[in-house]
Amino acid sequence: MLILAKQEIRVRYAPSPTGHLHIGNARTALFNYLFARHYKGKFILRIEDTDQSRNIADGEKSQIDNLKWLGMDWDEGPDNPGEYGPYRQSERKDIYQPLIEQLVAEGKAYESYMTEEELAAQREEQKANGEMPHYVDEYAGLSPEQKEQKIADAKAAGIEPVIRFKVPVNTTYEWDDIVKGHISFESETIGGDFVIQKRDGMPTYNFAVVVDDHMMKISHVFRGDDHVANTPKQLMIYDAFGWDAPQFGHMSLIINSETGKKLSKRDESVLQFIEQYRSLGYLPEAMLNFIILLGWSPVGESEIFTLREFVKMYDEKRLSKSPAAFDAKKLEWINNQYVKAADEDRIMHSSLLQLMKAGKIEENPDPMRVEWARKLINLFKRQMSYTAQIVEFTDLFFNGPEDIDEESKAEMATDDALPVLKALETQFADMPIFDTVNILAAIKAVQKETGIKGRKLWMPIRIAITHEMHGPELPESLELLGHDLSMKHLRAMIEELS
């Protein structure tokens, strides 16, 4: 694709406020954002809220908040108006209405009075005949007088009409897609004359999007693969007004890597909304990094980049034609890279909120409790894929150890275990300050006294006190567990082995 120096790059992300920000929508926004920023163009946010029945109260707020959380900004939008507003479709009705009337006056669109029941019956009959459902002209074969009478009868019955666009016959609609290459449709294949204005007077998506993109001087449209079938309808409307269409790029589907099926909002095996990842303590820059790699690949082997680096190296020619696999494990790995590199205070804050939310730590803890929590969180910082995991990782420190498993029991059945634990009990009994330094010194003293070292020394201690074979550094863990609990668990295991 050739980007002309004199061409002003203007792209948009245009969500419907019918739900919270979905992974797929976030990806659409990001690819448009990267394209605009790479070519020093403009990124526009437009809210497509014409389907009033499906809009939810905080849908627009969720879109805006989560886009900002991911690190994006925009040059024009409902919260940052420019010269091409309004930026909500519901506020643009006065722009659409004269254009719809123009198409009707030119014979390119017309009033349709078929009821929903009649349309449903038509579709059922077509399915029964093995036909693809399509609209059949309700006025076909009628004389002007008969057509006029039919319309008069419908009006008398109080039926509100829709406005349908008259699809040209024997016409090919084609474009060179930035992602998919050359695409063409025959006009006969799109399902007949389609609605451009609903009974409530609101325009449909395929009409409003053309008007908005033209009026807002949108130069390129990057959107999901599911919009390919809408494109010929939109090209017809561009032609009807004599407008130039933008360049289109349709991005590959996102599939569930486990099932190989298209990622569906009904697929509950995968968390799909940005809000859900925020609540689990994922980091925005990690989410952004992961989402950009869904259907776009950088040059080289590296996969961890900042947003600024992505902007600099972005190349729309590297958008994939193949489906993008949503791999939750890869997302966890990417987020873990960011958690490990993140500022200690940032992870501390996020993890502390998770512990409070789980009821493990009280609201407004005192400074000593906060410092204890800081040390605890730091113990697990490197192994956390997201901060909500801190609740599970630290269960021992709040609820005590679970019963030991069979593998642990086998470890404790050796002749070395009991001498090690008894020697450690003596060392711990009179310890004045139960901290990492003194705990480590005590374990070293046990090694010297018993002659037992390595795994045979450390594993019985870990299992006895934590009931786990694996975990963070043992002296640090015991300090945070505290002297009383450590001694209680140690003595219980000694009694069991004796």
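1. A cavity is taken here as a set of grid points where a 1.4 Å probe fits but cannot get out, and its lining residues are those with an atom within 4 Å of a point. The model is a predicted one, and a search of the whole structure finds 1 cavity of 30 Å³ or more.

2. The largest cavity holds about 60 Å³ of space, and its lining is made up of Phe380, Phe393, Leu396, Phe397, Arg462, Thr466, Glu468, Gly471, Pro472 and Ser477. Two or more residues of that lining come from each of helix H15 (395-399) and helix H19 (455-466). By residue class, the lining of the largest cavity divides into 5 nonpolar, 3 polar and 2 charged.

3. Turning to the packing, the largest nonpolar core has 103 residues, and Met287, Phe326, Phe428 and Ile461 are those with the most contacts inside it. Helix H1 (residues 23-38) supplies the largest share of this core, 9 residues.

4. What does Ile461 touch, once residues up to four places away in sequence are not counted? The partners of Ile461 are then Val420, Leu421, Leu424, Ile443, Leu474 and Leu478. Another core, of 34 residues, lies apart from the largest one, and includes Tyr84, Ile100, Trp175 and Val228.

5. An unreviewed UniProt entry annotates residues 15-25 as a short sequence motif, the 'HIGH' region. In the model, the end C-alpha atoms of residues 15-25 lie 7 Å apart, and the span is 27% helix and 0% strand.

Definitions and conventions. Residues are numbered from 1 along each chain as its sequence is written. This is a predicted model: local features need pLDDT of at least 70, side-chain atom pairs count only at pLDDT 80 or more; totals for chains, interfaces and linings use all residues. Side-chain values use heavy atoms; hydrogens and water are left out. On a 1 Å grid over the protein atoms alone, a cavity is a set of points where a 1.4 Å probe fits but cannot get out, and a pocket is an open set with protein on both sides within 12 Å along at least five of seven lines; lining residues have an atom within 4 Å of a point. Grid points are joined across faces, edges and corners, and a volume is the space filled by probe spheres set on the points. Helices (H or I, at least four residues) and strands (E, at least two) are DSSP runs, numbered from the N terminus. Ala, Val, Leu, Ile, Met, Phe, Trp, Tyr, Cys and Pro count as nonpolar, Asp, Glu, Lys and Arg as charged, and the others, Gly among them, as polar. A nonpolar core is a set of buried Ala, Val, Leu, Ile, Met, Phe, Trp, Tyr and Cys residues joined through side-chain atoms within 4.5 Å. Buried means under 20% relative accessible area, exposed over 50%, partly exposed in between (1.4 Å probe, protein chains only). Contact means heavy atoms within 4.5 Å. UniProt positions are given in the numbering used here, feature names are shortened, and annotations may be inferred rather than shown by experiment.
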